[in-house]
Amino acid sequence: MEQPHLEEDRSSKFSPSKLGVYQNCPRRYQYRYVDKISRARKTPETVVGVAVHSAFEELYALVTGGKIPSLAEVHEVYEREFAQGWDATVVEKDARFSKEDWRKVGRDCVQLYYEGHHPFSQDRTVAIEKRVGFPITVDGREYRIEGFVDRLALAPDGAFEIVDYKTAKSLPNQQHADEDWQLALYELAVRREWPDTKEVRLKWHYVRHGKTLVSVRDDAARAKLLADAGALISRIKHDHEFPTNVTPLCDWCEYRDLCPVFAHPIKVAALPPAERPKDAGVKLVAEYAEVEGRRRKLKDELKAVEGEREKVEAALADWAEAEGVATVAGEGAQATVSIKDELHLPTKTGRPRGTPNSRPRSAGPRCGPRSRSSTGTR
Ligand code: SF4
């Protein structure tokens with residue numbers, strides 16, 4: 001007998017991105033964090049992202065040491081990291097763009113940010129790639145939420161700034177920033193580490209666009225965030241099914257070949273064309289499609305027959321009414337026209353509303369007319 005699928009999450013630590021994976025698709029979460037199936041996959045986007053982050057890390061490491069590197073020096077770091085990161089494991093999904101195109105994307109990001117922020121005196125860097133976290137009690141058990149802040153800075157007005165660099169092609173709107181969990185959870189950690197903190201600004205530099213989004217959360221938003229994070233951890237801990245959630249993000253999922261939604265189509269697509277019709281699932285789908293086709297055809301035919309029947313029924317009723325008879329004789333059968341009382345009430349538009357088979361003769365409200373409502377044969 002098949003055993004029920006009873007997986008269980010044993011995590012004691014959650015990062016915002018880990019929570020985000022569960023929010024987007026519990027099944028993907030299961031593969032990655034419960035079954036721990038490693039599918040680390042490099043894409044051009046991840047190689048560019050890592051190389052740009054490394055360049056900014058070095059940039060601010062030098063700035064905090066009192067030296068402002070030249071753009072060429074920062075580019076040098078980027079180029080080195082990009083060359084190291086781009087290896088045979090990179091999965092290129094879009095043949096329109098070459099490695100050189102991607103290299104340039106990251107190089108331009110570095111330049112745009114460098115030129116927009118030089119001489120980097122807008123704030124004071126407190127930490128780069130800083131691990132932050134805090135404990136959270138859920139259902140009586142203690143967990144930790146942890147992650148890494150790209151850069152933590154102090155602005156001239158004394159506010160902490162939690163800075164994140166994004167190399168994404170798309171530029172999200174302000175609402176997206178105001179609903180973001182990641183930096184907001186880091187803010188909770190920063191406030192615990194520095195309890196006298198007054199203002200914290202969450203800052204995303206979208207370096208492909210040279211655009212910065214800023215979000216500030218109030219006490220109520222922070223309390224809700226903490227409650228939501230706790231509720232999500234509780235859901236994860238109680239989940240034994242980890243259902244799939246099909247969204248456009250499935251295109252980027254590294255577990256498509258395992259996922260019940262995509263596994264069979266992927267397996268069939270990999271078969272030689274001549275082998276595909278022999279697959280048991282393919283055969284059943286073909287059979288189902290044929291039966292379903294016949295069912296739909298019959299349904300259409302039935303609809304057409306019912307339409308004809310209604311027309312004849314109406315003609316019969318008209319004839320019986322005109323003749324003043326309730327039973328119409330045929331050869332081997334006879335039809336009866338039943339008469340029933342109906343109440344017609346005015347609708348909002350003032351027009352009377354009758355039953356589907358009735359044909360009211362008057363335009364105004366009336367009570368108790370006798371009209372034919374159906375016919376039958378016997
Ligand atoms: S392919 Fe989509 S539905 Fe399947 S596990 Fe991945 S994200 Fe979830």
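The legends below describe several close-up views of a predicted model.

Residues are numbered from 1 along each chain as its sequence is written. Because the model is predicted, local features are given where pLDDT is at least 70 and side-chain atom pairs count only at pLDDT 80 or more, whereas totals for chains, interfaces and linings use all residues.

**View 1. Overall make-up of the protein.** The protein has 10 helices and 10 strands, where helices (H or I, at least four residues) and strands (E, at least two) are DSSP runs numbered from the N terminus. Of its 378 residues, 20% count as buried, a residue being buried if 20 or more other C-beta atoms, placed from the backbone, lie within 10 Å of its own.

**View 2. The largest nonpolar core.** This core has 27 residues, and those with the most contacts inside it are Leu152, Ile162, Leu185, Tyr186 and Val190; a nonpolar core is a set of buried Ala, Val, Leu, Ile, Met, Phe, Trp, Tyr and Cys residues joined through C-beta atoms within 7 Å. Two or more residues each come from helix 1 (16-24), strand 3 (141-154), strand 4 (160-166), helix 7 (182-193), strand 5 (200-206) and helix 8 (219-238), and helix 7 gives the most, with 7 residues. Beyond its neighbours within four places in sequence, Leu185 is in contact with Pro16, Ile145, Gly147, Leu225 and Ala229, contact meaning that the C-beta atoms, placed from the backbone, lie within 7 Å. Apart from this core lies another, of 20 residues, among them Val48, Phe56, Tyr78 and Cys109.

**View 3. Strand 4 and its two partners.** Strand 4 is mostly covered, with 5 of its 7 residues buried. Strand 3 and strand 4 run antiparallel and are joined by 4 bridges, two strands being paired if DSSP finds at least two bridges between them. Leu152 has Ile162 of strand 4 as its bridge partner. These two strands form a hairpin with 5 residues between them, and Gly158 in the turn has a positive phi of about 90°. With strand 5, strand 4 pairs in the parallel sense over 7 bridges, and Asp164 stands opposite Trp204 in strand 5.

**View 4. Residues around the ligand.** Of the 14 residues around the ligand, Cys25, Thr244, Cys250, Cys253 and Cys259 come nearest, a residue being near if its C-beta atom, placed from the backbone, lies within 6 Å of the molecule. By class, this shell has 9 nonpolar, 2 polar and 3 charged residues, with Ala, Val, Leu, Ile, Met, Phe, Trp, Tyr, Cys and Pro counted as nonpolar, Asp, Glu, Lys and Arg as charged, and the others, Gly among them, as polar.

Technical notes:
A residue is buried if 20 or more other C-beta atoms lie within 10 Å of its own, exposed if 12 or fewer, and partly exposed in between; C-beta atoms are placed from the backbone. Two residues are in contact if their C-beta atoms, placed from the backbone, lie within 7 Å.
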